[in-house]
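Reader: I am new to this structure. Please take me through it, and then look closely at one part.

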Amino acid sequence: DYSALKNQINQMSNTPWLAGLPGWGKTASLAELQAAANDLLAEEDERKLAAYLRIFWRRAFPTHIDGLLVLANDGRKRVRYSAVTALSNVHHPLVRELALTLLSSVDRSEDGIELLCSNFEPGDFELVEQALLRSDNDDSSHGIGSSIRTLLERHLSPEAEKSLLILY
């Protein structure tokens, strides 16, 4: 139950159980998710924030997303990554706006692609192609490739052909 999970997060004594948080979130009740969301929004510790965010990797955040949008631009990489992954399940105009902003950036294109997962519109693969063409190193291309794979899992489209050829 959530109270036991919250105790584990607060103790943060053994981290292997973190891998199970997305699965727990996927099957949790709406009341438990709401409680986790409230605790997440009140948390400041980086490790605990990242843990709470993992709960929402496979399930839409159940309350207002303003706090998640702030965390998606957090200076701490682990928090930022987890917040982007959580936001990738949220369909909202502000998430799409952030996706487009990040997609046009030099260093966070893969985050923009992740955020398109629930905010995809026809023609978006053209933006993905542009991000790929701007990619200036193998690490960046790898991150973009992983994000494209996630996007294709939700939006398999012939539009992706050129992006995949560029990635190849």
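What pattern does the protein chain follow, read along the sequence?

Author: Start with the whole chain. This is a predicted model. Read along the sequence, the pattern is α-α-α-α-α-α-α-α-α-α-α. The radius of gyration is 16 Å, close to the 15 Å that the globule rule gives for 168 residues, so the chain is as compact as a globular protein of that length. In numbers, there are 11 helices and zero strands. Along the principal axes, the C-alpha atoms fill a box of roughly 50 × 30 × 25 Å.

Of the 168 residues, 48% count as buried. The accessible surface comes to about 8800 Å². Carbon and sulfur atoms hold 51% of that surface. Contacts also reach across the sequence. Take those with a separation of 6 or more: residues 24 or more positions apart account for 67% of them.

Now helix α3. This helix covers residues 30-42, which makes 13 residues. At 1.5 Å a residue, α3 should span 18 Å. Its end C-alpha atoms are 18 Å apart, which agrees.

Which residues of α3 are buried? They are L33, A36, A37, D39 and L40. These residues cover an arc of only 165° around the axis, which puts them on the same side of α3. An α-helix has 3.6 residues a turn, so residues three or four places apart point the same way.

What covers that buried side? The cover includes α1 (2-11), α2 (21-27), α4 (46-54) and α5 (66-71). The other side of α3 carries A31 and A42, and both are exposed. Look at A31 in helix α3. A31 has a relative accessible area of 58%, and the cut-off for exposed is over 50%, so A31 counts as exposed. P62 is 31 residues away along the chain, and the two C-alpha atoms are 9.3 Å apart in space.

Turn to the charged pairs. A search of the whole structure finds seven salt bridges. One of them joins E121 and R96. The closest N and O atoms of this pair are 3.3 Å apart. E121 lies in the loop between α8 (109-115) and α9 (124-134), and R96 lies in helix α7 (residues 93-103), so the pair ties together parts that are 25 residues apart in sequence. E121 has 38% relative accessibility and counts as partly exposed. R96 is buried, with a relative accessible area of 14%.

Another salt bridge links R108 and D111. Here the closest N and O atoms are 2.7 Å apart. R108 counts as buried at 12% relative accessibility. D111 is buried too, with a relative accessible area of 11%.

A further pair is R149 and E153, with 3.8 Å from N to O. Both lie in helix α10 (residues 138-154). They are four residues apart, about one turn of the helix. R149 is exposed, with a relative accessible area of 53%. E153 is exposed as well, at 60%. Elsewhere, salt bridges that share partners join R96, E121 and D124 into one network.

D124 leads on to helix α9. Which residues of α9 are buried? They are D124, F125, V128, E129, A131 and L132. They cover an arc of only 160° around the axis, which puts them on the same side of α9. The face turned away from this buried side carries the exposed residues E126 and L133.

S109 sits in helix α8. At 2% relative accessibility, S109 counts as buried. Leaving out residues up to four places away in sequence, S109 touches L102, L103, A131, R134 and I144. A131 is among the buried residues of α9.

How values were computed. Residues are numbered from 1 along each chain as its sequence is written. This is a predicted model: local features need pLDDT of at least 70, side-chain atom pairs count only at pLDDT 80 or more; totals for chains, interfaces and linings use all residues. Side-chain values use heavy atoms; hydrogens and water are left out. Helices (H or I, at least four residues) and strands (E, at least two) are DSSP runs, numbered from the N terminus. The expected span of a helix is 1.5 Å times one less than its number of residues. Buried means under 20% relative accessible area, exposed over 50%, partly exposed in between (1.4 Å probe, protein chains only). The arc is that of the directions from the helix axis to the C-beta atoms. Contact means heavy atoms within 4.5 Å. A salt bridge is a side-chain nitrogen of Lys or Arg within 4 Å of a carboxyl oxygen of Asp or Glu. The radius of gyration is taken over C-alpha atoms; the globule rule is 2.2 Å times the number of residues to the power 0.38. Accessible areas come from the Shrake-Rupley method with a 1.4 Å probe; for residues, only the protein chains shown count as cover.
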